[in-house]
Number of protein chains: 2
Amino acid sequence: MNLEKLCVHTITNKPWSLSEALDAYASQGIGGISIWQNIVESDGAHAVASMIKDYPLEVVSYVRGGFFAHQSASDRQKSIDHNKKLLDEAAEIGAPMLVLVCGAEPKQPLKISRDYIKDGIESLIPHADSLGVHMTIEPLHPMYADSRSAINTLSQANDLAEYFDTRTVGVAVDVYHLWWDPNLEKEIARCGANNNLQAYHICDWKVPTTDMLNDRGLMGEGCIPIKKISGWVTAAGFRGYHEVEIFSNKYWSLDQHEFLDLIVKAFNKLQD
Amino acid sequence: MNLEKLCVHTITNKPWSLSEALDAYASQGIGGISIWQNIVESDGAHAVASMIKDYPLEVVSYVRGGFFAHQSASDRQKSIDHNKKLLDEAAEIGAPMLVLVCGAEPKQPLKISRDYIKDGIESLIPHADSLGVHMTIEPLHPMYADSRSAINTLSQANDLAEYFDTRTVGVAVDVYHLWWDPNLEKEIARCGANNNLQAYHICDWKVPTTDMLNDRGLMGEGCIPIKKISGWVTAAGFRGYHEVEIFSNKYWSLDQHEFLDLIVKAFNKLQD
């Protein structure tokens, strides 16, 4: 696999503006870019779309929507309205999918959050359908079950996607969230067999991890068997981009060109 | 439930010596104490045993053995020998069980670690049997899958315990590690139905959690539905102690008598 199937999330190079990221990714021969919401928020979807047009980069995903689990009905409605806007933006910037971080509320039973998540996604399907934008459920690591997502295993995400039974709703496999799961190989195969495997995110789990949010590792520096998981993903029929999504105070403090060189080197090493 | 079924782990009041802990727990009317290894290491099992004899406190568990997943065979053998010694110490201090943190090695496939864990426990069964001490598998939160335990769900712990099919090997349910699991209620019932539910540990998950090891919360200050989980544990037939196991830089810096008052108050509130 060459860099054509490598994609980098703009958040990975958070210090960069969109044009800096586009210049750097394109000059490295990277094939894809996933756009984070902060970029669209600051530049506007129209400007983002016209900027990207000038580069040989495919927009792989728009990150991130979701957060459907609010306690009050009015907040849940606000979240649905917000996700409609995000779906519009995804369509405008040419992203085929909106990645969903499903949401959780600390004092609310996970079961209730899961019901609200189901309702939220369901109510967005017609709008997503009309735009031709997929909604891609990303199960999050159990350490985020308190306030970010009540969907914490690939099994749960598969259940949800199969419940909706439409290509409009699929699943993102992120090695950081799922690597520990004894059922991972089986659930990746299931995800592929049901045509629900829409995205594949890579990074690494550092040992030790010193921050639960912003201490993700570069591929190869941690304990995740990325090559093995990539093999499972390929065996499940996935032919899409390998998206590098690294939140890291350490790497954000580096010169971002140096960091991007490290990413490309680490990605290439995974193909050995 | 009154304090007779409350047990406190010595590590919860880490700044205290054993005699300080025994004095304080007994004077509160707390029924049980779980002894951590550092206490036995410094005082010796014989002295610990004779100290405890003078108090109306039951030794609930000895914490902790395990760490079976070392990469080299000689290290694994050392770990088995060490666990034999720990089982001897458990017997000497009158603990009916040794709690197992099963182990994991960062660069080793989890599947291999899991095989080593199975082998390690298996080889210890005759010794544990001869002493009448149980080995209690404690599944650890997935965020510890890198270096502490490759057993990260109750389902896995149940599988292991059922594989051995002996009262000598059982399971500890710790709400901190397992609360997020969508299969928790079902797996607790399964654990009870197979007579494998040997211990129940409580504390809380703080939102936000600022340290992955030492920022556990006091019951009620976090997002874990402890009352609900306690109900499942009771429904599964468990009638043992509710063991408070809190690692917390914050609480360790308090006056430990004040902290113990908070623990008792929080435990009582759970019974409302």
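Visitor: Does His242(A) count as buried or exposed, and why?

Guide: A residue is buried if 20 or more other C-beta atoms, placed from the backbone, lie within 10 Å of its own, exposed if 12 or fewer, and partly exposed in between. His242(A) has 25 C-beta neighbours inside 10 Å and therefore counts as buried. Please note that this is a predicted model, in which local features need pLDDT of at least 70, side-chain atom pairs count only at pLDDT 80 or more, and totals for chains, interfaces and linings use all residues. Residues are numbered from 1 along each chain as its sequence is written, while chains are lettered from A and ligands numbered from 1 in the order in which they are written.

Visitor: Where is the place of His242(A), and with which residues is it in contact, leaving aside its neighbours within four places in sequence?

Guide: Helices (H or I, at least four residues) and strands (E, at least two) are DSSP runs, numbered from the N terminus. His242(A) belongs to strand S8 (residues 242-244) of chain A. Two residues are in contact if their C-beta atoms, placed from the backbone, lie within 7 Å. Leaving aside neighbours within four places in sequence, the contacts of His242(A) are Lys5(A), Leu6(A), Cys7(A), Tyr200(A), Ile202(A) and Ser230(A). A separation of 9.0 Å lies between the C-alpha atoms of His242(A) and Phe267(A), which are 25 residues apart along the chain.

Visitor: In what order do the strands of chain A close into a barrel?

Guide: Strands of a sheet pair through backbone hydrogen bonds, either parallel or antiparallel. Two strands pair here if DSSP finds at least two bridges between them. In chain A, 8 strands form a closed barrel in the order S1-S2-S3-S4-S5-S6-S7-S8, with parallel pairing. Direction ignored, neighbouring strands of this sheet are turned by 30 degrees against each other on average. Strand S6 (residues 169-174) and strand S7 (residues 197-202) of chain A are joined in parallel over 4 bridges, and Asp174(A) stands opposite His201(A) in S7(A).

Visitor: How is a helix placed against such strands? Which strands does helix H6 of chain A lie across?

Guide: Axes are lines fitted to C-alpha atoms, for helices over the stretch in contact, and angles run from 0 to 180 degrees between N-to-C directions. Helix H6 (residues 154-164) of chain A lies across strand S5 (134-137) and S6 of chain A, at about 165 degrees to S6(A).

Visitor: Why is strand S7 of chain B largely enclosed by the rest of the structure?

Guide: In strand S7 (residues 197-202) of chain B, 6 of the 6 residues are buried, so the strand is largely enclosed by the rest of the structure. S7(B) is joined to strand S6 (residues 169-174) of chain B by 4 bridges in parallel; Ala172(B) has Ala199(B) as its bridge partner, and Val173(B) stands opposite Tyr200(B). S7(B) also pairs in parallel with strand S8 (residues 242-244) of chain B over 3 bridges, where Ile202(B) is partnered by Val244(B).

Visitor: Which unit do S7(B), helix H9 and S8(B) make?

Guide: A crossover is right-handed if, with the strands pointing away from the viewer, the path from the first strand over the helix to the second runs clockwise. S7(B), helix H9 (residues 226-235) of chain B and S8(B) make a right-handed β-α-β unit.

Visitor: How many residues does the contact take from chain A and from chain B?

Guide: The contact takes 20 residues from chain A and 20 residues from chain B.
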